[in-house]
Amino acid sequence: MKGNVIKYAQDNIDTDVIIPGQYLKVHDYAELATHAMEGLDPDFHSKVKEGDFILSGKNFGCGSSREHAPIALSHSGIKAVLALSFARIFYRNAVDGAFLLPIEIEQDAYDGISDGDEITIDVSVNEIKNITKNQTYKMKPFSEIIGKIIAAGGLFKYKPDQD
């Protein structure tokens with residue numbers, strides 16, 4: 001995967017700012033995407049492009065269990081969220097629904113990647129390359145079961161008997 005980074009240098013970005021509550025009755029994913037990150041960054045929709053990544057601090061996706069958050073982000077063009085840590089419910093919603101990849105990173109990657117940097121992510125070798133700065137970082141590997149769910153295209157497509 002290759003794209004540009006939209007960095008929010010803060011912790012605890014919750015689902016209420018990822019997709020504000022007044023849009024939870026919107027069932028058109030394209031329309032839902034126009035409101036992604038609206039609670040934190042009203043200009044997000046105008047700057048995000050297909051294939052981009054979000055970079056954030058600790059506990060990304062905390063708050064409610066709404067699956068609308070990874071849906072809105074993925075339909076806005078986000079392919080992965082890189083964060084120091086994730087709220088577990090956001091993490092599983094993202095993986096199980098095959099909406100986007102939640103990639104846990106180390107502090108050096110968080111500090112070294114800036115807003116607007118172009119990066120590539122290679123999950124097969126757990127590596128992030130910052131093309132803009134010619135730097136390479138390791139990402140935390142997915143657990144075996146999460147890797148299998150991702151490879152299958154989400155929980156509903158995963159068949160444990162085929163392992």
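Guide: Begin with one pairing, and keep in mind that this is a predicted model. Strand 6 and strand 7 are joined by 4 bridges and run antiparallel. Within this pairing, Lys-129 has Thr-136 of strand 7 as its bridge partner.

Visitor: What holds paired strands together in general?

Guide: Strands of a sheet pair through backbone hydrogen bonds, and the pairing is either parallel or antiparallel.

Visitor: How many residues lie between strand 6 and strand 7 in their hairpin?

Guide: There are 4 residues between the strands, and Asn-134 in this hairpin has a positive phi near 55 degrees. The hairpin of strand 5 and strand 6 also has 4 residues between its strands, with Asn-126 at a positive phi near 55 degrees.

Visitor: How many bridges join strand 5 to strand 6?

Guide: The two antiparallel strands share 4 bridges. Ile-119 is paired with Asn-130 in strand 6. On the other side of the pairing list, Gly-3 stands opposite Ile-119. Strand 5 (residues 118-122) pairs with strand 1 (residues 2-8) over 3 bridges, again in the antiparallel sense.

Visitor: In what order do the strands of the sheet come?

Guide: The order is 4-3-2-1-5-6-7, in an open sheet of 7 strands with mixed pairing. Strand 4 (101-104) and strand 7 (135-138) each have a single partner strand, so one side of each has no neighbour in the sheet and they stand at the edges. From one strand to the next, the twist averages 30 degrees.

Visitor: And where do the side chains of a strand point?

Guide: In a regular strand they alternate between the two faces of the sheet.

Visitor: Now the aromatic rings. How many aromatic pairs does the structure hold?

Guide: It holds 4 aromatic pairs. The rings of Phe-86 and Phe-90 have centres 6.2 Å apart and planes at 0 degrees, so this pair counts as stacked. Ring pairs also link Phe-60, Phe-86, Phe-90 and Tyr-91 into a cluster.

Visitor: Are Phe-86 and Phe-90 buried or exposed?

Guide: Phe-86 and Phe-90 are both buried.

Visitor: Which charged residue lies over the face of Tyr-91?

Guide: Arg-88 does, at 4.5 Å from the ring centre. Elsewhere, the charged end of Lys-7 sits over the ring of Tyr-110, 4.5 Å from its centre.

Visitor: What does the UniProt record place at residues 35-107?

Guide: The unreviewed UniProt entry gives "domain: Aconitase A/isopropylmalate dehydratase small subunit swivel" there. In the model, residues 35-107 are 32% helix and 16% strand, with the end C-alpha atoms 29 Å apart.

How values were computed: Residues are numbered from 1 along each chain as its sequence is written. This is a predicted model: local features need pLDDT of at least 70, side-chain atom pairs count only at pLDDT 80 or more; totals for chains, interfaces and linings use all residues. Side-chain values use heavy atoms; hydrogens and water are left out. Rings of Phe, Tyr and Trp (its six-membered ring) pair if their centres lie within 6.5 Å; planes under 30 degrees apart count as stacked, over 60 as edge-to-face and the rest as tilted. Buried means under 20% relative accessible area, exposed over 50%, partly exposed in between (1.4 Å probe, protein chains only). A charge sits over a ring if NZ of Lys or CZ of Arg is within 6 Å of the ring centre and within 35 degrees of the ring normal. UniProt positions are given in the numbering used here, feature names are shortened, and annotations may be inferred rather than shown by experiment. Two strands pair if DSSP finds at least two bridges between them. Axes are lines fitted to C-alpha atoms, for helices over the stretch in contact, and angles run from 0 to 180 degrees between N-to-C directions.
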